[in-house]
Amino acid sequence: MSKSFRKLLIVGGDSWSDPDDPGYREFNVKKIWPEMVADFLDYDIINISKGGAGNSYIHGQIIDAIEANSNRSIVVMVNWSQAIRLSLFELQLAQLTFNVHMPKLTGKFARKKIEIQNHIRELIHWHVYHPEKFHLSEEELWLKTANISLRDIYLLDQYCKTRNIPILHHRALHPLIGIEWILKPRVDFELRDRVLEVCKQNQYYQKILKFKNIVGHPNFFEKGSSCFDLYHKYFLSPDELHPNESGHQLIAHSFINKYIELYEEISLAEPSYVYD
């Protein structure tokens, strides 16, 4: 089939969807889930995923890819990231994660990223802990952080649907977990539960709850429903917390099954490439 007549799969995500992530090269992972899906469906693929990417980066890059290929028949699959991640001017090496579990970074460039992140946290502290100046509570900050990310998810869904572009949503990482780390970079499960409860007030949270095009658990915000939680036994190593090839096969299987359920209207037996 001529390439111009093949469908185009556009994939967005973070390191769980980025074939160039260093962990995959180190452990000789030859193929990850986006390529597996494209191969199975016999589609061309554009993968805009980047390790460390946040949801605004993913949202913007997918729209750019759609607009650049508007003459193609397109399918979009997204494995969303965390609300706490920022990408300065969408620069690929300028991701700020605010993640207390990130591996220790080395080198001058890495140190500068950490310094910038700490300065941003200090600036945010000024907004929250100096109410005589800015009048912003912790709860309001949590909602602002969640709103940006959830708005990106919701609006990409609406953008695709108004153009009759099939789109599926999964989450590599729970999009709202870790918001508490912006102010307090420590593990506190009680505080996390407070944040998650507050974020339910967000209008886009409530809209996303109604999505029918979710891969995996139908509640996009269900605890334990992210790829990180579901496929932990397939991690490359105790220190390299990304899936091996078997884990990627299972992720691919989940996307393919949901795609066919919603958009192909036929059932699919388990693909031959998936094994126990």
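**Close-up views of a predicted model**

**View 1. Pairing of strands β1 and β2.** L9 of the predicted model stands opposite I45 in β2. Four bridges connect β1 with β2, and the two strands pair in the parallel sense.

**View 2. Pairing of strands β1 and β3.** Strand β1, residues 8–13, runs parallel to strand β3, residues 74–80, and six bridges join them. Within this pairing, V11 stands opposite M77 in β3, and the bridge partner of G13 is N79.

View 3. Strands of a sheet pair through backbone hydrogen bonds, either parallel or antiparallel. Here four strands form an open sheet with parallel pairing, in the order β2-β1-β3-β6. The edges are taken by β2 (44–47) and β6 (167–171); each has a single partner strand, so one side of each is left without a neighbour in the sheet. From one strand to the next, the twist averages 15 degrees.

View 4. Six of the six residues of β1 are buried, and the strand is mostly covered. L8, I10 and G12 point one way from β1, whereas L9, V11 and G13 point the other way. Helix α2 (residues 33–41) lies across β1, β2 and β3 and runs at about 165 degrees to β1.

**View 5. A nonpolar patch on the surface.** The patch is formed by L88, F89 and L91, which together have about 360 Å² of accessible area. L88 is located in the loop between β4 (86–87) and β5 (95–96). With a relative accessible area of 49%, L88 is partly exposed.

Terms used
Residues numbered from 1 in each chain as written. Predicted model: local features only at pLDDT ≥ 70, side-chain atom pairs only at ≥ 80, totals over all residues. Heavy atoms only, no water. Pairing = 2+ DSSP bridges. Axes fitted to C-alpha atoms, helices over the stretch in contact; angles between N-to-C directions. Contact = heavy atoms within 4.5 Å. Patch = residues over 30% accessible without salt bridge, like charges linked within 9 Å, V, L, I, M, F, W, Y side chains within 5 Å. Areas by Shrake-Rupley, 256 points an atom, 1.4 Å probe, with all protein chains shown as cover. Salt bridge = Lys/Arg side-chain N within 4 Å of Asp/Glu carboxyl O. Buried < 20%, exposed > 50% of the residue type's maximum accessible area, 1.4 Å probe, protein only.
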